[in-house]
Amino acid sequence: MNVTIRVWRQKNTEAEGHFEDYEAKDLNPNMSFLEMLDVVNENLTLDGKDPIAFAHDCREGICGTCSCMINGKPHGPESGVATCQTYMRSFNDGDVIVVEPFRAKAFPIIKDLVCDRASFDKIMQSGGFISIRTGSAPDANAIPVGKEVADLAMDAAACIGCGACVAACKNSSAMLFVSAKAGQLNLLPQGQPEKDARVLNMVATMDEAGFGNCTNQYECSAACPKAISEEFIAKLNRDYLTASVKSVFKPKPTTMV
Amino acid sequence: MNIFQVLFQTSIGKKAVMAVTGLIMVGFIIGHLVGNLQLFAPPEKINAYAHFLEGLGPGLWAIRAFLLLTLVLHVWMAIKLTLENKAARPQDYVSQQTLRATYASRTMRLSGFIVLAFLIYHLLHFTVRVEGFGTYPHTTLIDGTPVRDVHTMMVVGFQNIWISLFYIISVGLLSWHLNHGLVSMFQTVGFRSRTWSSFLTKASVLFSILYFLANAAIPGSVLAGVVKIQNPEVAGYVCPAKCAVCEAKNAKT
Ligand code: HEM
Ligand code: SF4
Ligand code: FES
């Protein structure tokens, strides 16, 4: 099959970007979207031109490195998959496919289709540690966790931190990501001691990074390759408001560390 | 962080202010609607009700101030959040699909601001009663108390088709606003979950439709001639010789 890709080219963060069209010819429909980009890049390189910069790593849907807004939807037309697991068979022969980077103030574009998602790392860091005994492996069932809670926590833990939620959100809000990351720990007994501090700090870091505010439209979970539910956002709201009220009234030790 | 910083400076706090002020206003508009439906009873009813409200004096002013504060906070947060959201994506996509956001949710700002414009007009029309915006007659209750004739004021207002249409469109937009607003409110304060999100959505739609129909019935039935002017002076007709209202009044005095 043959397609035309209309790709956003931008030299660096400061440069003005623009679209350029490239022909991708004789593709196998079972190639992944990234493999198609590889083919285009190979030809560009042979022609002595600058290949298209795009982010990728595992290429099996687990690392969250690949991105791209493909025809106006993060990770392309299918649902529940990342760009690396989007295949050319999802497109039609002769299609013009528009490829843009994820756009958000908190995700500055580094080059072409690559944006800097370090603000997610800052949010994770501000979430801090959990108090568990390290050292030798603990007894497997020492802390009982209900099956439903474990499953729900596992759903949240499926987040690969790709940023599609931010990219899809009309407000560039990072609520789905933060709610998944905070939620997975807040649900489990191991996450209880630092629960309040975790939500307060993660939300504060999220606000600081310049993400927008959620308007409860749930474009995020529709775009999420792991289909994380907006239910976790409700949980984050609840946990955050509770933690805020508690932190206002809670007695504080005289010497703060 | 103190509580004001949480409520006015954090993303979730600002949203909570939107939700709580929205909820207060929803409570108010339900009460307001029930009050207005008294238009379908004899004029005595709504006129006495209005008289009772005015009789609250400082209490009425306290309620008004509280509602005004609620509205100001709601609109202020709406503006603040919207500006922040615009700033969060300095360069827009060339193409972006809408995946599942409802039409109502994407027009909250528009519906909200048109409702605000309506609200200003509405207050000038019926609360401030600006001369020229309407007719503001007086009458007496059965016990002889002189009161403003709210019944006639409303009927005269709604006999103008343009005013009626404006009211109907505006309550339509308000219902539209609430269609998303109500479910959204539950999500914002964290009370929406997979288990009952579908019920919540349906309940919001049902509430919005009922709220719209009940409101639209008021100007609608005036236009249809079901509710008529009953103040003889304003209606311009002479009292019939034997009239139950006057007889009742005369019997009292
Ligand atoms: C007068 C001008 C108004 C403006 C400019 C306005 C604007 C807005 C905006 C922008 C939102 C946020 C929507 C979102 O997060 O997606 C909102 C939410 C809401 N509004 Fe209004 N609104 C107005 C009046 C009202 C009135 C009169 C009511 C109720 C009677 C109301 C009830 C609500 C509710 C319940 C919400 C949901 C809060 C939430 O998302 O948690 N609004 N409004
Ligand atoms: S919540 Fe979904 S879309 Fe957002 S970062 Fe995690 S995996 Fe990606
Ligand atoms: S490259 Fe790892 S998730 Fe796509």
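Author: A salt bridge is counted where a side-chain nitrogen of Lys or Arg lies within 4 Å of a carboxyl oxygen of Asp or Glu. Please keep in mind, as we go through the examples, that this is a predicted model.

Reader: Where in chain A can I see such a pair, and how far apart are A:Asp151 and A:Lys147, N to O?

Author: The side chains of A:Asp151 and A:Lys147 meet in a salt bridge, with 3.1 Å from N to O. Both belong to helix H3 of chain A, and because they are four residues apart there, about one helical turn separates them. A:Asp151 counts as partly exposed, at 36% relative accessibility, whereas A:Lys147 is exposed, with a relative accessible area of 61%.

Reader: How many salt bridges does the rule find over all chains, and which residues of chain A are linked in a network?

Author: Over all chains the count comes to 16 salt bridges. A network of salt bridges links A:Arg9, A:Asp50, A:Lys111 and A:Asp112.

Reader: How many salt bridges are found across the interface of chain A and chain B?

Author: The rule finds three across that interface. One of them is formed by A:Glu230 and B:Arg100, whose closest N and O atoms are 3.3 Å apart. This pair crosses between chains, for A:Glu230 sits in the loop between H7 and H8 of chain A, while B:Arg100 sits in the loop between helix H4 (58-87) and helix H5 (103-106) of chain B.

Reader: Which residue of chain A does B:Arg194 meet in a salt bridge?

Author: B:Arg194 meets A:Glu231, and the N to O value is 2.6 Å. The pair joins two chains, because B:Arg194 lies in the loop between helix H8 (161-188) and helix H9 (197-223) of chain B, and A:Glu231 lies in helix H8 of chain A. B:Arg194 is partly exposed, with a relative accessible area of 47%, and A:Glu231 counts as buried at 16% relative accessibility.

Reader: How should I describe the interface as a whole, and how many residues does the contact take from each chain?

Author: One can begin with residues and area, and then turn to the pairs. The contact takes 51 residues from chain A and 41 residues from chain B, and the area buried between the two chains is about 3,800 Å², of which carbon and sulfur atoms give 49%. Across the interface there are 37 residue pairs in polar contact, both residues being at pLDDT 80 or more. On the side of chain A that touches chain B, the largest share, 10 residues, comes from H8(A). By class, that side has 26 nonpolar, 14 polar and 11 charged residues.

Reader: Which residues are closest to ligand 1, and why is its site described as shared between chains?

Author: Of the 25 residues that surround ligand 1, the closest are B:Lys15, B:His74, B:His177, B:Ser184 and B:Thr188. The site is shared because the surrounding residues come from chains A and B. A polar side-chain atom of B:His74 lies 2.8 Å from a nitrogen atom of ligand 1, and for B:Ser184 such an atom lies 2.5 Å from an oxygen atom of the ligand. H8(B) gives the most to the shell, with eight residues.

Methods: Residues are numbered from 1 along each chain as its sequence is written. Chains are lettered from A and ligands numbered from 1 in the order in which they are written. This is a predicted model: local features need pLDDT of at least 70, side-chain atom pairs count only at pLDDT 80 or more; totals for chains, interfaces and linings use all residues. Side-chain values use heavy atoms; hydrogens and water are left out. Contact means heavy atoms within 4.5 Å. Buried area is the accessible area (1.4 Å probe) that two parts lose on being put together, summed over both. A polar contact is a pair of N or O atoms within 3.5 Å; within protein, one must be able to donate a hydrogen and the other to accept it, and residues adjacent in sequence count only if both atoms are side-chain atoms. Ala, Val, Leu, Ile, Met, Phe, Trp, Tyr, Cys and Pro count as nonpolar, Asp, Glu, Lys and Arg as charged, and the others, Gly among them, as polar. Buried means under 20% relative accessible area, exposed over 50%, partly exposed in between (1.4 Å probe, protein chains only). A residue is near a molecule or strand if one of its heavy atoms lies within 4 Å of it.
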